[in-house]
Amino acid sequence: FFSAFPLYYSVVVASRDNSALGQIPPPVLPGANLVENVERVFTTVPFDAALINSVVVSLTVTASVVFFSTLAGFAFAKLEFKASKVLLVAVVATMMVPVQLGVIPLYMLMIDLEWTDTLWAVIAPGLVNAFGVFFMTQYLRGALPGELIEAARVDGASTFRIFWQVVLPAARPAAVVLG
């Protein structure tokens with residue numbers, strides 16, 4: 001009920017005129033203006049372009065977060081390199097920094113890159129996030145046996161081939177959850 005009611009009430013509001021929104025008690029049944037109001041939205045603003053942009057941004061960001069978080073999680077969980085623990089702590093520490101602190105520097109960067117008024121300005125900041133990296137690191141530490149990676153190395157697989165043919169299939173359940 002608590003999840004579905006806001007969706008239902010948005011249909012009720014969309015089917016009424018503005019005067020009905022201030023009524024006490026508020027209307028709970030849909031009105032007769034739904035088709036007219038939806039037509040007005042599509043004729044007064046480029047709503048179809050906004051929907052397409054939303055789909056492009058959400059699909060691109062979701063795919064890149066899953067891919068790059070799995071790649072980084074594999075590196076942190078199963079590859080040995082200097083300062084891996086320090087880097088993982090630094091990545092996790094970025095989750096404690098409020099997003100609002102980066103809005104102005106991010107805007108200035110988008111101006112320098114000449115990406116204002118483009119979808120890249122919305123897509124690029126979301127290509128990877130700290131939560132996804134931490135989540136995939138924790139998952140792959142427990143779900144991916146080191147012997148499987150060593151067997152692939154003995155067979156002559158490169159690190160990226162191990163990632164593509166061994167790690168990604170093993171990480172599929174966590175990738176779906178993260179997506």
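The model is predicted: local features need pLDDT of at least 70, side-chain atom pairs count only at pLDDT 80 or more, and totals for chains, interfaces and linings use all residues. Residues are numbered from 1 along each chain as its sequence is written, and side-chain values use heavy atoms, with hydrogens and water left out.

**The whole chain**

Display the protein chain as a cartoon; it contains 10 helices and 0 strands. Helices (H or I, at least four residues) and strands (E, at least two) are DSSP runs, numbered from the N terminus. Next, show the C-alpha trace, which spans about 70 × 40 × 30 Å along its principal axes. The radius of gyration is 23 Å, well over the 16 Å that the globule rule gives for 179 residues, so the chain is more spread out than a compact globule. This radius is taken over C-alpha atoms, and the rule is 2.2 Å times the number of residues to the power 0.38. Of the 179 residues, 22% are buried (under 20% relative accessible area, with exposed over 50% and partly exposed in between; 1.4 Å probe, protein chains only).

**Helices α3 and α7**

Select residues 47–78, helix α3, and residues 130–143, helix α7; they pack at an angle of about 50° with their axes 7 Å apart. That angle makes α3 oblique to α7. Axes are lines fitted to C-alpha atoms, for helices over the stretch in contact, and angles run from 0 to 180 degrees between N-to-C directions. Angles under 35 degrees count as roughly parallel, over 145 as roughly antiparallel, 65 to 115 as roughly perpendicular and the rest as oblique.

Now show side chains: the α3 residues that meet α7 include F74 and F76, and their partners in α7 include M136 and L140. Contact here means heavy atoms within 4.5 Å.

**Helices α8 and α9**

Move to residues 146–154, helix α8, and residues 159–170, helix α9, whose axes come within 10 Å and cross at roughly 125°. These two helices are therefore also oblique to each other. Select L148, I149, A152 and R153 in α8, which meet T159, I162 and V166 in α9.

**Residue L109**

Finally, select L109, which is placed in helix α5 (residues 103–112). Is L109 buried, exposed or partly exposed? Its relative accessibility is 41%, so L109 counts as partly exposed.
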